[in-house]
Amino acid sequence: MSKVKHVLGISGGKDSAALAIYLHDKYPHVDFSYYYTDTGKELDETYQLIENIEIYLGKKIEVLVAEEAQNSSENPFDFFYKSFRGYIPSPTARWCTNMMKLQPFEKYVGTEKPTLSYVGIRGDEEREGYISKKNNIQSIFPFRRNIWSEDVLHKLFHPDNHQTVMDFYSELYKGKRLDKVAELLSSPITFERHQRTATERQIKHKLNGLLDLDIVDFNKATFNFLKGTEYPLSFEEDYFLLENTDVLVRDDIFAILRKSGVGVPAYYEKINYEVDGQIGQYARSRSGCFFCFFQQKIEWVWLYEQHPKLFKDAMVYENVDEFFTWNQGESLAELIQPERIKQIKLEHLNRMNREKAKSDSNSPYLLDILDDEEGTCTACFV
C-alpha cells in the first residue's frame, strides 16, 4: 500500500484533463484524488469538462474554494476583487493565482501526509510547473521525458551529491557508459543566484546527457537518490512511473480526450473569421477565467464576438482612470473599436500564416504556436 497521497488538479484545460484520463487508464491500481479550484469566472465548457471527467473516472472531483470566500454570498473572484479594493490581477500581481488556486490547494493537501502532485505539462513545452515550498508536496510531470521537478534536479546535480549519484550509477553501468556519467556529473555548474541562466543551462546539459543514455536508468538513479532526502517519494519502496518512457505532445492530448469520449472543450475548436477578404481562425488557447490577463489580443476579440455578455462583464472590472485594465496600456473599450479589431485580426492572421508555412503538421488543432508568448500562470493552465 502506498504511503503517499496521489493528487491531480483538474484546471478545466485540455492537458490536466488528458493527464487524469491517461494515468487512470495506465495505472488503475493507483488511488488518485482529484480536485478543482473554482474561481466562479470560468466558461460553461469548463464546468462541463469537469462533469465529463467525473463520469469517465467514476470518481468525484473535489471542488476547492478559498477559505476566506467560503462563507461569502459572492463568488471567489468577486470576493477577493473587493478585498483588493478593485485592483484587478496582472502578470506582476497574480493575487488570483495565489488566493484562489495555490492557497486552497495547499490547505487541501495539509501538512502531514506525504503527497505527490501530478502536473500536465507536455513534452513539447519549455516551462516549469508550480513547486510547493511545503516539504510534504512533490510535483511530478508524467507527460515529459523528465518527470522530475526543477528543485529535485538542483539537489541531484549539486556537486556535494556527485559521489552519491555516481554510486547509484555504478550499480547499473560499467566501462564507457559509467565514464560518460562521471563526465556529465563532474562538468562545471554554478548555483550563484545572479547566474541563474547559467545554472539552468548547465543542469539541462547534465539532464539531457543522462536521459540520452537511458530514461529508465535516470529515473531509478533519481528515485534512489530521493530515498536519502525528505521528499515524499523517500517513503516509497518503488514507484510506478520509473519505467514509463512516454512523452506526450499536443496532438496526443487531443487524441486522448476524443478517444475517451470526454471530448475537447468547445473553446479549443477553431472558428473562422474574415478580415480584408481573408479567412483566419481563432479559438481560446487555455482554460481559466474568461477575462484572464494572459489572453492574447485575438482571444479577447474571440470573447467579444463569441461571448459578448462575458466580454461586457470583463469590462466592468476595469478602472481606466486608475489604469487598472486587463491589458497593459489598452482598455477593453479601446480594443473593440472596429479598426483595432481589424488590426488584431490581421496581425494574428499574418503570424498564423508564417507559422503554418514553417510547420508540416496537419493537425486540426494547430493552435497558435504563440500561445505562451504573453506568459502563463503555473497553476491555472496545466
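Modeller: This is a predicted model. Let us begin with a hairpin: β6 and β7 form one, with 2 residues between them. In its turn, D276 has a positive phi of about 50°.

Colleague: How many bridges join β6 to β7?

Modeller: There are 5 bridges, and the two strands run antiparallel. One of the pairings sets Y273 against G280 in β7.

Colleague: What general idea applies to side chains in a strand?

Modeller: In a regular strand, side chains alternate between the two faces of the sheet.

Colleague: Which loop holds F323, and what is its phi?

Modeller: F323 is found in the loop between α12 (308-316) and α13 (332-335). Its phi is near 65°, a positive value in a residue other than glycine. D276, in the loop between β6 (271-275) and β7, likewise has a positive phi, near 50°, and is not glycine.

Colleague: Is F323 buried or exposed?

Modeller: Exposed means over 50% relative accessible area. F323 has 72%, and therefore counts as exposed.

Colleague: Where does F291 lie, and why does F291 count as buried?

Modeller: F291 lies in the loop between β7 (278-282) and α11 (297-306). The cut-off for buried is under 20%; F291 counts as buried because its relative accessibility is 1%.

Colleague: With which residues is F291 in contact, leaving aside neighbours within four places in sequence?

Modeller: With that exclusion, F291 is in contact with K41, F77, W300, A314, Y317 and W326.

Note on methods: Residues are numbered from 1 along each chain as its sequence is written. This is a predicted model: local features need pLDDT of at least 70, side-chain atom pairs count only at pLDDT 80 or more; totals for chains, interfaces and linings use all residues. Side-chain values use heavy atoms; hydrogens and water are left out. Helices (H or I, at least four residues) and strands (E, at least two) are DSSP runs, numbered from the N terminus. Buried means under 20% relative accessible area, exposed over 50%, partly exposed in between (1.4 Å probe, protein chains only). Contact means heavy atoms within 4.5 Å. Two strands pair if DSSP finds at least two bridges between them.
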